[in-house]
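Here is a short briefing for a first look.

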Amino acid sequence: MENKQNSPAFDVVVIGGGPGGYVAALRAAQLNLRTALVERENLGGICLNWGCIPTKALLHAADTLRRIRHAGVLGISVSEPQVDFGKLMARSRQVSQRLNRGVAHLLKKAGVSVFMGAARLNGARQVSVTDPQGATQQLHAKNIIVATGARAGELPILPFDGKRVWSYRDALSATEAPKSLAVIGAGAIGMEFASLYAALGAKVTVVEVAPRVLPAGDEDVSGFVQQAMSRDGIAFLTNARLVSASVNASGVELSVEQGEDRHQFSAERVLVAVGLTGNTDGLGLEGTRVVVERGIIQTTAWGQTAEPGIYAIGDVTGAPMLAHKASHEGIECVEYIAGRRSGEQQCVTIPACVYSYPQSASVGMTEAQARARGGRIRVGKFPLEGNGKAIAIDEASGFIKTVFDEGTGELLGAHLVGPEATELIHGFTLATSLEATEAELMETVFPHPTLSEAMHEAVLAAYGRALHI
C-alpha cells in the first residue's frame with residue numbers, strides 16, 4: 001500500500017469522533033491496529049458536546065432547584081432560590097469542555113492519530129480530510145468505519161432559525177429562559193427539555209402526533225409521566241398535528257389539530273424535537289456500494305455495509321439512536337475487523353433512559369409488545385409507595401414493572417419510573433444479558449433500605465409473591 005508522507009496508511013480510519021467513533025478508535029488502538037480518527041467539529045460528538053452530557057448537567061440543576069423548593073417538607077426552611085441562567089448554561093458548557101479534553105487525552109495516550117476536518121471517501125480505501133483552513137490531506141485505510149451520527153430533524157413549516165425556532169442545540173445555548181415554550185415532539189429529547197424549562201419557570205406546551213407521550217415506551221410509564229408532568233404545569237396535546245406556524249417579532253403563532261378540535265396558541269420559543277436524521281451528506285458514499293436509505297446507512301452483522309472494507313455504526317445506521325448502543329457497536333465492529341469476532345452476531349438488549357422529571361428507563365419489550373408476540377406472560381408491578389427508601393427520601397411516586405415469559409421464566413422487559421430510574425435499569429439489563437430467569441432474580445438478595453428493593457418486589461409481584469403491597 002502506498003505510504004507517502006502526505007498520505008499516511010492506517011489499518012482503520014474512523015470517521016466521526018462521537019461515543020461510537022472515539023470508542024471504536026480506542027479499542028482498535030488497544031488491538032494494535034494503526035488507527036486514525038477524523039472529526040469535523042468536537043471530539044465526543046453531539047452526545048458529549050450538545051446532547052447527553054450538557055442536558056444532564058442542566059437537568060441536575062433543575063432537580064436541585066426542585067429539591068430546594070421542596071425542602072420545607074423535610075423541615076428545612078429556605079427562601080425562594082434565584083436562578084442565574086447564564087451561570088447555569090456556562091456550567092453545562094464547562095462540563096462538556098472538560099470531557100472533550102478528556103477524550104482528546106485518551107486518544108493521544110492510545111496512540112490514535114486525530115485529524116480535525118471534514119472527511120470524504122474517495123472510493124473504498126481512501127479518505128480525504130479538509131481542515132478548517134481548507135487544506136486537504138489523503139489517508140489510506142484498509143478499513144473505514146463511518147460513525148458520523150445524526151442531527152435534528154426539521155419541519156418544513158417550522159425551519160430552525162436559532163432564535164424563535166430551536167433545535168436541541170439552540171436550547172442548550174440560549175442566553176435566557178423563555179417565558180413560554182412550545183415543544184413539538186414528546187420523545188426523550190422533547191420531554192427532557194420540557195421538564196428543564198418548566199422547572200426554570202417557562203409555561204410549556206408539548207405537542208405530540210402519537211396518542212401518548214414517550215410513544216416508544218411502555219404505556220403505563222407514558223401515562224404516569226404525562227400525569228406527573230401535567231401536575232408540574234406542563235400542558236400536553238397528544239394525538240395532535242401541527243398544521244401551521246407563523247414566526248413574528250414576539251414569538252411563534254401555532255395552530256394544532258387534535259381530532260375535531262383546533263388549538264391556536266403562541267409561544268416565545270418553539271423547540272422542534274421530532275426525531276433525528278443520519279449525517280451522510282457530503283461523505284462521498286455515492287462513489288461506493290454503500291446503501292443509504294432516507295439518510296440511514298444500511299448494515300448487516302458487525303456493521304458491514306455493501307462495500308467490503310467500509311463499516312458503519314451508531315446513529316447513522318438507525319434506531320435506537322443511543323450513545324451506549326453506538327459505543328457497543330463500535331467495539332464489536334473493531335473486534336470483527338481484528339479477527340476477534342466471527343460468525344453470527346449476537347443480539348443484545350439496549351436499555352433506554354429519559355432524564356425528565358420523573359425519570360423513566362426501560363429494557364426489552366413493553367407489555368404490549370410481549371402480548372403481541374403470542375404466548376402467556378406474567379406481569380409484575382410494584383409501587384414505590386411500598387418502598388422504605390423512597391418514602392424516607394420523599395420520592396415515593398413511581399413504580400417498577402416486569403414482564404416475564406410464563407413458560408420459560410425469561411425476563412422479556414422491565415420498565416421503571418421514579419427516582420434514580422436511570423441508575424437502576426442496569427440491574428435488569430445485566431439480568432437479560434446473563435439470561436437470568438425469575439428464579440435467579442427471586443433468589444438475589446437486594447440491600448435494605450434501597451430503591452433497588454422495589455426491583456425485587458416487581459419480580460415477586462409477577463408471580464403473586466410481592467411482600468410489601
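The sulfur of Cys 333 is 17 Å from the closest cysteine sulfur, in Cys 347, which is too far for a bond. A disulfide here is a pair of cysteine sulfur atoms within 2.5 Å. This is a predicted model, in which local features need pLDDT of at least 70 and side-chain atom pairs count only at pLDDT 80 or more, while totals for chains, interfaces and linings use all residues. Residues are numbered from 1 along each chain as its sequence is written, and side-chain values use heavy atoms, leaving out hydrogens and water.

**Cysteines**

- Cys 333 is buried, with a relative accessible area of 0%. Buried means under 20% relative accessible area, exposed over 50%, and partly exposed in between (1.4 Å probe, protein chains only).
- Cys 353 is in no disulfide; the nearest cysteine sulfur belongs to Cys 52, 11 Å away. Cys 353 counts as buried, at 18% relative accessibility.
- The whole structure was searched, and 1 disulfide was found. Cys 47 and Cys 52 form a disulfide, with sulfur atoms 2.3 Å apart.
- The torsion about the S-S bond of Cys 47 and Cys 52 is about -125°, so this disulfide is left-handed.
- Cys 47 is buried at 16% relative accessibility. Cys 52 is partly exposed at 29%.

**Nonpolar cores**

- A nonpolar core is a set of buried Ala, Val, Leu, Ile, Met, Phe, Trp, Tyr and Cys residues joined through side-chain atoms within 4.5 Å.
- The largest nonpolar core has 41 residues. Among those with the most contacts inside it are Met 191, Phe 193 and Ile 234.
- Several elements each supply at least two residues of this core, including helix H4 (85-110), strand S9 (180-184) and helix H6 (188-199). Helices (H or I, at least four residues) and strands (E, at least two) are DSSP runs, numbered from the N terminus.
- H6 gives the largest share of this core, 7 residues.
- Leaving aside neighbours within four places in sequence, Phe 193 is in contact with Thr 55, Tyr 168, Ala 171, Leu 172, Leu 181 and Leu 271. Contact means heavy atoms within 4.5 Å.
- A second, separate core has 27 residues, including Ile 400 and Tyr 463.

**Helix H3**

- H3 has 18 residues and reaches 26 Å from its first C-alpha to its last. That is close to the 26 Å expected at 1.5 Å a residue. The expected span is 1.5 Å times one less than the number of residues.
- Buried residues of H3 include Pro 54, Leu 58, Ala 62 and Arg 66.
- The buried residues of H3 pack against helix H2 (45-50), H4 and H6.

**Salt bridges**

- A salt bridge is a side-chain nitrogen of Lys or Arg within 4 Å of a carboxyl oxygen of Asp or Glu. By this rule the count is 23.
- Glu 41 forms a salt bridge with Arg 169, with the closest N and O atoms 2.4 Å apart. Glu 41 lies in the loop between strand S2 (35-39) and H2, and Arg 169 in helix H5, so the pair ties together parts that are 128 residues apart in sequence.
- Glu 41 is partly exposed at 38% relative accessibility. Arg 169 is also partly exposed, at 26%.
- Arg 378 and Glu 406 meet through their side chains in a salt bridge (3.6 Å, N to O).
- A network of salt bridges links Asp 218, Asp 220, Glu 367, Arg 371, Lys 381 and Lys 401.
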